[in-house]
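Me: Could you take a close look at one part of this model with me? I'd like one connected answer.
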Amino acid sequence: MLKYLIEKEFKHIRRNKFLPRLILFFPTMMMIVLPWAANLDVKDIDVAVVNRDHSQLSGKLAEKISASAYFNLSSVSESYNNALKTLDKGDADIILEIPEGFEKSLVKEGNAKVLIAANAVNGTKAGMGSAYLVSIISDYSRELNNQTITRGIEIVPQNRYNPAMDYKKFMVPALMVMLLTILCGFLPALNIVSEKEIGTIEQINVTPVGKFTFILAKLIPYWLIGFVVLTIAVIIGRVIYGITPQGSLFTFYLLASVFVFVVSGFGLVISNYSNTMQQAMFVMFFFMLIFILMSGLFTPVESMPKWAQIITLFNPMKYFIEIMRMVYLKGSGLDALTRQISALLGFAVLFNSWAVLSYRKSR
Amino acid sequence: MYSVTADNLEISYGTVKALRGVSFQVSRGEMFGLIGPDGAGKTSLFRILTTLLLADAGSATVDGFDVVKDYKEIRGRVGYMPGKFSLYQDLSVEENLEFFATLFNTTIKENYHLIKDIYRHIEPFKTRKAGALSGGMKQKLALSCALIHKPSVLFLDEPTTGVDPVSRKEFWEMLKRLKQQNITIIVSTPYMDEAIICDRIALINEGKFMQIETPQNIISAFGKKLFAVTGDNMSRLLNDVREMDIVSSAFAFGDEHHVTLRNPMLDHTDIEAGLLEKGCSNIFVKEINAGIEDCYMALSQ
């Protein structure tokens, strides 16, 4: 019976003009395009240099900045006001002002001041840009010092697990989480709601087919699709970004199935409370946004305010993104992930029992 | 043993009472008609009897099983055709039929004799998607699907609503033949003229049964002379008729008005005379036999 119902589900999916394309096209696009787009690496920052010193040393500093891959020297001007105008027009992102007497004070007193002004409309660009600029300048001052006497502490940062600090490597495992959420959580739920809306669920309900069988028959096809797509995503990650899970594939798939169980339960709860597709879509959209923005997918949870961090504790996606990144980049095993795994298991039990209970109630 | 019984069923949606104490019994092999306008509570009653809805009060049995306790038993024994077409539009005619046969652990072949009469009308289109069928063909497919597991009780919720008159007639002919298979049929319809085919009918209004009788008894119990009135300007005519003292009731009824009188001694000439006095033209009055709808109107007053 279950087998027959599943066959029927696949028939529906195949017959649908839109769904099969969506199921294949959407994840591939997502994996190919999004890691490049959703990238917090800041590049091509336009710098307007106000050089009021006209000395050898100030010229060298400007040169060094324009030589960096992060910066384009957009203009060199005499006055700060001129530079501000280019900032207004959007031709420059950051102004570096080298004051008069820069070289003199550097040589005489061993230190000098410069001014950095950044356009903070795009906060990330401004923040990262200023930080890069500062590091270039301190680099420069170190070079100068080397020529005289070596002083101070040299810091050599080492980025473990993602040595090149490649943001794409950070995004790829997280995007897989979104894929699984949509394919295994939202699609089957929408499918059930559509049967409600069309009225076919009534026709099934008067047959001896149990509700459990019916729902299982709805979920299993999407579980299968979810894992096929996940595998495709892993292959894309390998081929295009050269990223493979550092941890074992077994851990990877095992924990993915726990997460799938969580989102399926969540989808079922929504489907139980929705009578129309529109309603279900809206609720899902709402939760999807919250889940994504509060999961650490784009911005680290640690940099959120305390109260927001507490909210993220109730976001199952957060735990799975942590798991995926740890398994993928760090190669963590099950023992290192007990906290996240127990959270996910808790959500799985919660959502699925809620789904079962709310289903009974609506009988 | 009765095939279907209901005892004081009640249900309400919020403050709206959809059923206010409905009781009846239907014998095996009987065709039982539920006649009433939209919103009378017909669908709620069907949903309770097919175990899709829990009643607030009262009890019911189908095929001897309680609709609450033994709902699983009932689900294997009844066929239900909801008012709204609810088969899979993206599956073909044959796939739909096969699907429902499989859900009941049977095959098309096994019960083909039951649906043969109906299914052969749509069999030439069996590879067509159900969504692409005409209204009449959809009904036939839905009936075939409801019958494929040889149910002992068949529930048909407004099967002929939205179907053309020819298909409607055909549909009722099919039901008549099904009755010979000893299948109990409970059918609802807002078209009262169709009810005459049923063995017994229940007139239902605002969640209450007004009368349960054979169509013949309901009609013969009408007890009054009934007149059909036509003339120029029918809407004015209806007002004029209603204003007459001798008239007890008057309803627009298709292209004529049906009128009853207070005094059984008066007849059509009295109506004519009264209307001429009011200045109506082209008046034609004749005595007619009452139909189910006339009885319904008289009862629901």
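Is T251(A) buried or exposed, and what is its relative accessible area?

Reply: Happy to! This is a predicted model, where local features need pLDDT of at least 70 and side-chain atom pairs count only at pLDDT 80 or more, while totals for chains, interfaces and linings use all residues. Residues are numbered from 1 along each chain as written, chains are lettered from A and ligands numbered from 1 in the order written, and side-chain values use heavy atoms, without hydrogens and water.

T251(A) is buried, at a relative accessible area of 7% (buried is under 20%, with a 1.4 Å probe and protein chains only). It sits in helix α10 of chain A, residues 249–273 (a helix is a DSSP run of H or I, at least four residues). Leaving out residues up to four places away in sequence, T251(A) touches V327(A) and L334(A) (heavy atoms within 4.5 Å).

Now for the two chains together. Here 21 residues of chain A are in contact with 27 residues of chain B. Between them the chains bury about 2500 Å², 58% of it on carbon and sulfur atoms (accessible area, 1.4 Å probe, lost on being put together, summed over both parts). There are 3 salt bridges between chain A and chain B (a Lys or Arg side-chain nitrogen within 4 Å of an Asp or Glu carboxyl oxygen). K11(A) forms a salt bridge with E95(B), with the closest N and O atoms 3.6 Å apart. On the side of chain A that touches chain B, the elements giving two or more residues are α1 (2–15), α7 (167–198) and α8 (200–205). The most comes from α1(A), with 6 residues.

Conventions:
Buried area is the accessible area (1.4 Å probe) that two parts lose on being put together, summed over both. Buried means under 20% relative accessible area, exposed over 50%, partly exposed in between (1.4 Å probe, protein chains only).
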